[in-house]
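Biologist: Please take a close look at one part of this model for me. I would like to go through the interface between two chains.

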Number of protein chains: 4
Amino acid sequence: MIIVLKPGTTKEQADEILGKIADLGCKPLYMPGEERVVLGALGDERVLGSLHLENDPRVESITEILSPYKLVSREFHPHDTVVNIGKRSVGGETFAVMAGPCSVESHEQMSEAARVVKQGGGTVLRGGAFKPRTSPYAFQGLGVEGLEILQSVSAEYDIPTITEVVEVADIEAVQDRADALQVGTRNMQNYRLLAALGRCSKPVLLKRGMAAELKELLLAAEYIVSEGNPHVMLCERGIKTFGSEMRNTLDLAAVPYLKQRTHLPVIVDPSHGTGVRELVAPMAWAAAAAGADGIMVEVHPNPASALSDGKQSLFPEQFNELMVGLRRFAEAAGRRL
Amino acid sequence: MIIVLKPGTTKEQADEILGKIADLGCKPLYMPGEERVVLGALGDERVLGSLHLENDPRVESITEILSPYKLVSREFHPHDTVVNIGKRSVGGETFAVMAGPCSVESHEQMSEAARVVKQGGGTVLRGGAFKPRTSPYAFQGLGVEGLEILQSVSAEYDIPTITEVVEVADIEAVQDRADALQVGTRNMQNYRLLAALGRCSKPVLLKRGMAAELKELLLAAEYIVSEGNPHVMLCERGIKTFGSEMRNTLDLAAVPYLKQRTHLPVIVDPSHGTGVRELVAPMAWAAAAAGADGIMVEVHPNPASALSDGKQSLFPEQFNELMVGLRRFAEAAGRRL
Amino acid sequence: MIIVLKPGTTKEQADEILGKIADLGCKPLYMPGEERVVLGALGDERVLGSLHLENDPRVESITEILSPYKLVSREFHPHDTVVNIGKRSVGGETFAVMAGPCSVESHEQMSEAARVVKQGGGTVLRGGAFKPRTSPYAFQGLGVEGLEILQSVSAEYDIPTITEVVEVADIEAVQDRADALQVGTRNMQNYRLLAALGRCSKPVLLKRGMAAELKELLLAAEYIVSEGNPHVMLCERGIKTFGSEMRNTLDLAAVPYLKQRTHLPVIVDPSHGTGVRELVAPMAWAAAAAGADGIMVEVHPNPASALSDGKQSLFPEQFNELMVGLRRFAEAAGRRL
Amino acid sequence: MIIVLKPGTTKEQADEILGKIADLGCKPLYMPGEERVVLGALGDERVLGSLHLENDPRVESITEILSPYKLVSREFHPHDTVVNIGKRSVGGETFAVMAGPCSVESHEQMSEAARVVKQGGGTVLRGGAFKPRTSPYAFQGLGVEGLEILQSVSAEYDIPTITEVVEVADIEAVQDRADALQVGTRNMQNYRLLAALGRCSKPVLLKRGMAAELKELLLAAEYIVSEGNPHVMLCERGIKTFGSEMRNTLDLAAVPYLKQRTHLPVIVDPSHGTGVRELVAPMAWAAAAAGADGIMVEVHPNPASALSDGKQSLFPEQFNELMVGLRRFAEAAGRRL
């Protein structure tokens, strides 16, 4: 930690701060300059954080040297983590394709969706039973009934499932019926939910908050892992920017940035990332080229009748075209579907 | 709702969509142009939303005409709502000052904070017992013990209290011990929490999500009000922008924008809105001039030792200076403290 | 300057960098830690910048300690600068009101506008003759004819004028006919234009780029001042954010932030800052409360017929109401109109 | 154009607006609803824009139906435009690689850079002679001397060149010595410069402004094309977002979005788009997968000594690795290098 002091701070005041650093067992450094005095504190940033030097009125600015996350970092664990969803693996040499409708609407719809996803080469079936919606007047999902539809279709088509969980109270119902749990963008910083997921045994896909820095995403993952669940996948799904022409701005550079810093698999969601079905396939291909471990896309047997996110849902034939191209790009990236 | 069709859409296809609109009891309109066909649908946007026309592959774009929120809108309820926190009112002619430390740390700290706030002219004491923190390794709040400290200090100084609630399971404990409940920025779209707060009897201060449009804030408030709790206050607390020099960008124009559209009181939090204690007082004054119904600010007996947000916490004497200026600006705005 | 080295960097490599720092006459510091080696370099950041240490593949990150701007900084020049536009002053105890239409459209329109502005208490007349427009098919301004209208109306009503300049080639024509020159948001980083304005004798109002950090605004001002023209005013006019409900997000906290760091006057433009005429007056009042030295607002004799920016232009009676309120808030801020 | 009127607008007021629309030769439509009256105006948006209905105080909102750009749109010109830079073509089946250092620093540096670019398979040599820099104290480029170095190296290695132009006065000098002209992000809305480039004969690469909507980029291109120069390439180079971990956020979805709307070639600059050399190659590959017509990357013989942008400049061996991967991804995209 580097601490820049305000002009006019005395040597005695600096010594007092240096003393606090030494008392913690960290290494203090004193660097007087002509215009500013700079202090250094070498040691675990988590320990140094307990000093709250940023609060000190004599401190102008603080710069951390080391990353504040540990368990999810590649420095801590250099090898890629492979996460298993049912019998399918995410990470490593395979490129995962999680696909399905935004919401579970009926058994018929999910069954047809599962058929399309499986035939096209998808590896995991997605579908939401609990839907966080901007308006209280919008469709909120089928709840446990939706989970049961998902479970039954999963058995029918022998395809593992992933579905969103929005509240601690629902975790048990979800983990009993699905193969992986998903945390939505609005809940990335719902720390109670994260901690509870850290105590469950199923893998968790953690979506990036729509205004979250990548450091914040990694710290959110650290909440889950530090509670005991190492089976975490990160998901870039677009961020909020000034751009109003697409639903979100898909931050694809987050993929190599994260892969260099964490051992966890990184998934890309080009459906929410763009919000426009015509842009989903090219961005799925770009995700593979950028080094992602998989994609999550919305496919609906009949998008025009979808109860949520239909505008960004692929038609079955669009999903097939996406998969045809994806094979080429995944192969160019040294992966197989 | 205005529906622009893609080039090449036939009259028959347009008629099919117009038929769906009429079937809902809404008024369909057909407007053929040289380059595009445009359809209109006049009626309740919530009803029209159930058609999901945005999903239709023949539809190029949709524009809503009416706002999707109802109960919180000024069209629905033209007069200003006044919310009572204990014996103090928020909205109307008074200008509310909610102040106190970020976190409840000890009885001594809260007692001293309450003294400072009350002497300076503050009307409500704030202090967090449940703290959502970016890092799992940071101080997470004292929990129920913190609530009890808050309650005891409230009685001691005869000042009502407001504190954050982060999970449905905690609502009962919080509403039994505090006079108002606060929803933090990370939970603005935690719809389960909002709905549950809609079923409680204490007033709720709803902070704007750090990347939320104002329409989304109003819809979040609609979740609470539509469940039965009309005692809702909105709070502008800064948004995420490209700006890296302050913690957030305080969007003060949100104040008159909201006041023109909703009858709910609007509060401004310049502490989180800037993240820098030297900027808090001028932005509190600007909030009063912009027409806000009150402010929420962080004050700590000793910011240098604060366990969270110390950098943006005012020293007691800074709070007093803020209040001196605030009297002048609130008066110029036709309010009294 | 603080330099964090990548893991694995050797002592010899660090010494090589430290040698370069010493060779420049700056003070090098060596701080080895367990996980990272950190170097310090104390001295003028402009000199240190010439080492381009950020390029070095052994360097993980660089943090500057001192601000890169000098002449515009309050450390360099502690007292407030007062700028004169014709016979009116900007900065100090007065609160400046620059008002008028977006574009000069005709002598009749400008004459009527000048009457409204002067009667209402405005101090400087604005009006654009050269208009940068997003579409090549939109009205581009009257050019020199517009400047001449401005000049003639200025004489008629004895009110000084400010108008935009968009190209080096136009500076002479503009400075011969107007009392102050304005650099628009799209040209804040048109460095050739800034340098040329640094060589002219009239004062310059520099608008913040719509995606510019405040440090970048101060460096843009430094371009003008370092070429010899100290008569510079800064203008906050709203930034681009995810918010789509207003034209821009007015970053009012920029006012106290800038006032603490620079001696130059700071003006606020709530017309562009919000883009909605109903929001202009409250934000003008908030600007005064936040400590601004003045405002720039758009007023048009008949906004409904304006050739540009009519939606945000005040009607004459709205301008009068703004001024009535402004007197109260400017007084509360210790200023006079 | 769809015009929503404010509540309380009378039939007579609506008729007055409808009359104006009809007077322009456009088709007026009247759609009265229960809560709002909506008007339609069918015809050329450029013509309708001259009514400035957005200014009218009775108008609540305006929605355009048709795009405001024409000449650059795919509706106007369905086939892909191929632009020639010297003997190399951009667009169509080839994938263009424009590479070289940020700044021209010396003949030796450019000669070595040209060798690296040509050997690696690059098609166009880039290098800046006029550099827009945030600080007046930073290296501003070699000017005409730099252009002459570029010209001489171009002849030596038989590779065409592209270089930035920052002012109208420099266009002649640049177009006499380089094969293509580049407009930087800070000048995307320097309309005088764009119009002047519309009157020159060399191709122009137009970089997206760092806070520009894609519609604004297309309108900026329309400035050039409407003045007579159809040889325009668009370049996505990253936008400003809340993200502080990379220099910019590369908006790769802009590629398919633009390709669907315009016939002009679309280039991606992953060097500025990320600002970090380790992220350049994966994002270049992703650009190819997303459907781009080429990339522009910074390569320097010795990045550690670069006078600008060294941190994002590739080492020669990194450029070679980028090219090896790029061949695979371009082929998967149906292109050849």
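Modeller: Between chain B and chain C, 10 residue pairs are in polar contact, both residues at pLDDT 80 or more. A polar contact is a pair of N or O atoms within 3.5 Å; within protein, one must be able to donate a hydrogen and the other to accept it, and residues adjacent in sequence count only if both atoms are side-chain atoms. This is a predicted model: local features need pLDDT of at least 70, side-chain atom pairs count only at pLDDT 80 or more, and totals for chains, interfaces and linings use all residues. Side-chain values use heavy atoms, without hydrogens and water, residues are numbered from 1 along each chain as its sequence is written, and chains are lettered from A in the order in which they are written.

Salt bridges across this interface number zero (a side-chain nitrogen of Lys or Arg within 4 Å of a carboxyl oxygen of Asp or Glu).

The contact (heavy atoms within 4.5 Å) takes 37 residues from chain B and 37 residues from chain C. About 3000 Å² is buried between them, and carbon and sulfur atoms give 67% of that. Buried area is the accessible area (1.4 Å probe) that two parts lose on being put together, summed over both. In chain B, B:Glu213, B:Phe242 and B:Glu245 lose the most area to chain C, together 23% of what that side buries.

The copies meet through the same surface, because 100% of the interface residues of chain B are also interface residues in chain C.
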